[in-house]
Amino acid sequence: MKKIGFLSFGHWSDSYGSQVRSAADSLLQSIELAVAAEELGADGAYFRVHHFARQLGSPFPLLSAIGARTRAIEIGTAVIDMRYENPLYMAEDAGAADLIAGERLQLGISRGSPEQVIDGWRQFGYTTADGESDGDMARRHTLVFLEVLKGEGFAKPNPRPMFPNPPGLLRVEPHSEGLRDRIWWGSSSNATARWAAQLGMNLQSSTLKDDESGEPLHIQQRKQIEAYREAWKDAGHHRTPRTSVSRSIFPLVDDRDRAYFGRDGRDQDQIGFIDANTRAIFGRSYVGEPDALVRELGADEAIAAADTLLLTVPNTLGVDYNAHVIESILKYVAPELGWR
């Protein structure tokens with residue numbers, strides 16, 4: 001294991017006990033948690049993007065703000081739903097945010113997950129082509145996005161522009177050199193993991209996956225990572241790819257931890273359906289004393305196979321408590337698993 005970051009969905013709620021009661025709370029506390037995580041020595045601050053939900057939505061203002069407040073921590077998404085994205089406008093936003101952050105963005109993108117509304121991407125102005133599924137559309141948007149990130153000119157300049165143009169075809173600006181190599185694909189299947197490898201994207205595997213074999217999640221994810229790396233090798237890419245898995249991990253080190261999570265019963269993977277046709281396996285939570293967690297996590301084959309671990313955090317419990325959880329993992333658990 002080389003890197004450990006946190007992953008926040010950015011929920012907000014005015015329910016009893018919530019420390020995140022509005023969209024403003026969610027955004028501002030996300031910035032503060034990233035700053036705190038950097039001070040603690042964490043490697044990454046990642047955020048999930050959902051639309052039509054009381055969670056984090058448009059990621060680039062948030063990533064830019066974090067980039068301006070931090071100096072070293074990786075800043076990323078896991079993931080942006082490409083069904084909702086204009087690839088060229090996204091390339092502009094991503095380039096600007098990456099330059100503000102000093103080229104620290106790690107952007108996870110995907111075809112998306114079940115939504116709060118029916119075909120929400122239609123409300124954003126996008127339609128599928130004849131015979132195309134919404135997943136196909138997301139991958140089409142992705143191909144355009146990846147091509148634009150290369151930084152090559154493609155647009156014919158106006159012969160009478162408002163401002164002088166450089167010679168040749170024009171590209172989307174601002175362009176951030178190297179961002180193309182820091183794009184990740186959030187994959188729920190072995191097939192899309194191989195597709196991501198062929199295109200030279202890094203791999204993110206979440207706490208849920210298509211149940212393709214009936215085996216425990218960590219074994220299926222380890223096999224997914226192996227399939228991805230084999231496809232990467234076959235594609236002939238020259239750089240070393242990165243892979244991440246997400247986990248819910250809560251060391252019990254004080255009375256607050258025991259009150260919040262001491263009775264967590266999600267110690268087994270769960271099976272469910274994320275739509276009418278897709279059977280999925282949902283990963284367990286890891287809760288316990290640090291020594292017990294070290295033993296259990298040491299047996300997780302996907303954590304051993306990946307180079308990056310993303311810790312899903314209960315953001316509604318506030319910045320101080322989530323910083324405490326991150327610190328407990330970095331101090332008592334991660335070193336025993338080979339981190340640094």
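Reader: Leaving aside its neighbours within four places in sequence, which residues is Ser176 in contact with?

Author: First, a caution: this is a predicted model. In it, Ser176 is in contact with Gly95, Asp98, Leu99, Glu103 and Arg182, once neighbours within four places in sequence are set aside. With Asp98 there is a polar contact, side chain to side chain, at 2.5 Å.

Reader: Where does Ser176 lie, and is Ser176 buried or exposed?

Author: Look in the loop between helix 5 (134–148) and strand 5 (183–186). Buried means under 20% relative accessible area. Ser176 has 3%, so Ser176 is buried.

Reader: Now the nonpolar side chains. What is the general idea?

Author: In soluble globular proteins, nonpolar side chains tend to be buried together. Here the largest nonpolar core has 75 residues. Phe6, Ile109, Phe145 and Ile183 have the most contacts inside that core. Helix 11 (residues 319–333) supplies the largest share, 8 residues.

Reader: Which residues does Phe6 touch, not counting those up to four places away in sequence?

Author: Among them are Leu33, Ala34, Tyr46, Phe47, Leu311 and Ile326. There is also a second, separate core of 6 residues, including Ala78 and Leu310.

Reader: How do I read charged pairs?

Author: Side chains of opposite charge can pair when their charged atoms come close. The count here comes to 26 salt bridges. Take Arg83 and Glu115: their side chains meet at 3.9 Å, N to O. Arg83 is in the loop between strand 3 (74–81) and helix 3 (87–100), and Glu115 is in the loop between strand 4 (105–110) and helix 4 (120–123), so the pair ties together parts 32 residues apart in sequence. Arg83 is buried at 3% relative accessibility. Glu115, at 24%, is partly exposed. Both belong to a network of salt bridges that also links Asp81, Arg111 and Asp134.

Reader: Which residue meets Lys209 in a salt bridge?

Author: Glu212, at 2.7 Å, N to O. Lys209 is buried, with 1% relative accessibility. Glu212 is partly exposed, with 43%.

Reader: What joins strand 7 to strand 10?

Author: 3 bridges do, with strand 10 covering residues 279–282. Find Leu208; opposite, in strand 10, stands Phe282.

Methods. Residues are numbered from 1 along each chain as its sequence is written. This is a predicted model: local features need pLDDT of at least 70, side-chain atom pairs count only at pLDDT 80 or more; totals for chains, interfaces and linings use all residues. Side-chain values use heavy atoms; hydrogens and water are left out. Two strands pair if DSSP finds at least two bridges between them. Helices (H or I, at least four residues) and strands (E, at least two) are DSSP runs, numbered from the N terminus. Buried means under 20% relative accessible area, exposed over 50%, partly exposed in between (1.4 Å probe, protein chains only). Contact means heavy atoms within 4.5 Å. A polar contact is a pair of N or O atoms within 3.5 Å; within protein, one must be able to donate a hydrogen and the other to accept it, and residues adjacent in sequence count only if both atoms are side-chain atoms. A nonpolar core is a set of buried Ala, Val, Leu, Ile, Met, Phe, Trp, Tyr and Cys residues joined through side-chain atoms within 4.5 Å. A salt bridge is a side-chain nitrogen of Lys or Arg within 4 Å of a carboxyl oxygen of Asp or Glu.
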